[in-house]
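The entries are kept in the order in which I made them.

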Amino acid sequence: MQVLRTLGDKSRIRIFNLLREGNLSVGEIENILGLTQSNVSKHLSKLKAAGLITQEKKAQWVYYRINNPILNKYPLLNELIEKELDKIEACRQDIEKLREYQKQKTLSWET
């Protein structure tokens, strides 16, 4: 199953975990995870090829999100993701960084 192979990489798991929280651009993922733009793009391409994520272009930005129909198609995968990703320390830290990033972004819009 290509979906499971695709999620076998730690960076792709971390990206997928972030996308569970909402739509993100390459630059946002790069900033939060501390990966290079080319590395993030490579992993996003693999996640997209496996059907795990989709993309939407808004102006000059491309935003990525979870492809929820694929998770509905594989309920066991969805259950594993929901239960197991929160147990991975790096994933928990990434979510904290995402929330801090979102807070900073909101504050910068207000000023």
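The notes below go through the sheet, the core, the charged pairs and the rings.

**Ground rules.** I am working from a predicted model, in which local features need pLDDT of at least 70 and side-chain atom pairs count only at pLDDT 80 or more, while totals for chains, interfaces and linings use all residues. I number residues from 1 along each chain as its sequence is written, and side-chain values use heavy atoms, with hydrogens and water left out.

**Sheet.** I took helices (H or I, at least four residues) and strands (E, at least two) as DSSP runs, numbered from the N terminus. Two strands pair if DSSP finds at least two bridges between them. On that basis I found an open sheet of three strands in the order β1-β3-β2, with antiparallel pairing. I noted β1 (24–25) and β2 (53–58) as the edge strands, each pairing on one side only.

I then looked at β2 and β3 (residues 61–66), which run antiparallel and are joined by six bridges.

**Core.** I defined a nonpolar core as a set of buried Ala, Val, Leu, Ile, Met, Phe, Trp, Tyr and Cys residues joined through side-chain atoms within 4.5 Å. Buried means under 20% relative accessible area, exposed over 50%, and partly exposed in between (1.4 Å probe, protein chains only). The largest such core has 29 residues, and L7, F16, L19, I29, L44, L52 and I53 touch the most other members. I listed the elements that each supply at least two residues of this core: α2 (10–19), α3 (26–33), α4 (37–49), β3, α5 (68–73), α6 (75–84) and α7 (89–110). Helix α2 gives the most, with five residues.

Leaving aside its neighbours within four places in sequence, I53 is in contact (heavy atoms within 4.5 Å) with F16, L19, L44, L47, K48, Y64, R65, I66 and N67.

**Charged pairs.** I searched the whole structure for salt bridges (a side-chain nitrogen of Lys or Arg within 4 Å of a carboxyl oxygen of Asp or Glu) and found nine. One of them joins E21 to R99, with the closest N and O atoms 3.3 Å apart. E21 lies in the loop between α2 and β1 and R99 in helix α7, so this pair ties together parts that are 78 residues apart in sequence. E21 is partly exposed at 39% relative accessible area, and R99 is partly exposed at 48%.

I also noted K83 with E79, a salt bridge at 3.2 Å, N to O. Both lie in helix α6, four residues apart, about one turn of the helix. E79 is partly exposed, at 43%.

R92 and E89 are three residues apart, so about one helical turn separates them. I recorded R92 as partly exposed at 36% and E89 as partly exposed at 41%.

**Rings.** How many aromatic pairs does the structure hold? I found zero, taking rings of Phe, Tyr and Trp (its six-membered ring) as paired if their centres lie within 6.5 Å. I did find the charged end of K58 over the ring of Y63, 5.9 Å from its centre. The test here is NZ of Lys or CZ of Arg within 6 Å of the ring centre and within 35 degrees of the ring normal.

Technical notes:
Rings of Phe, Tyr and Trp (its six-membered ring) pair if their centres lie within 6.5 Å; planes under 30 degrees apart count as stacked, over 60 as edge-to-face and the rest as tilted.
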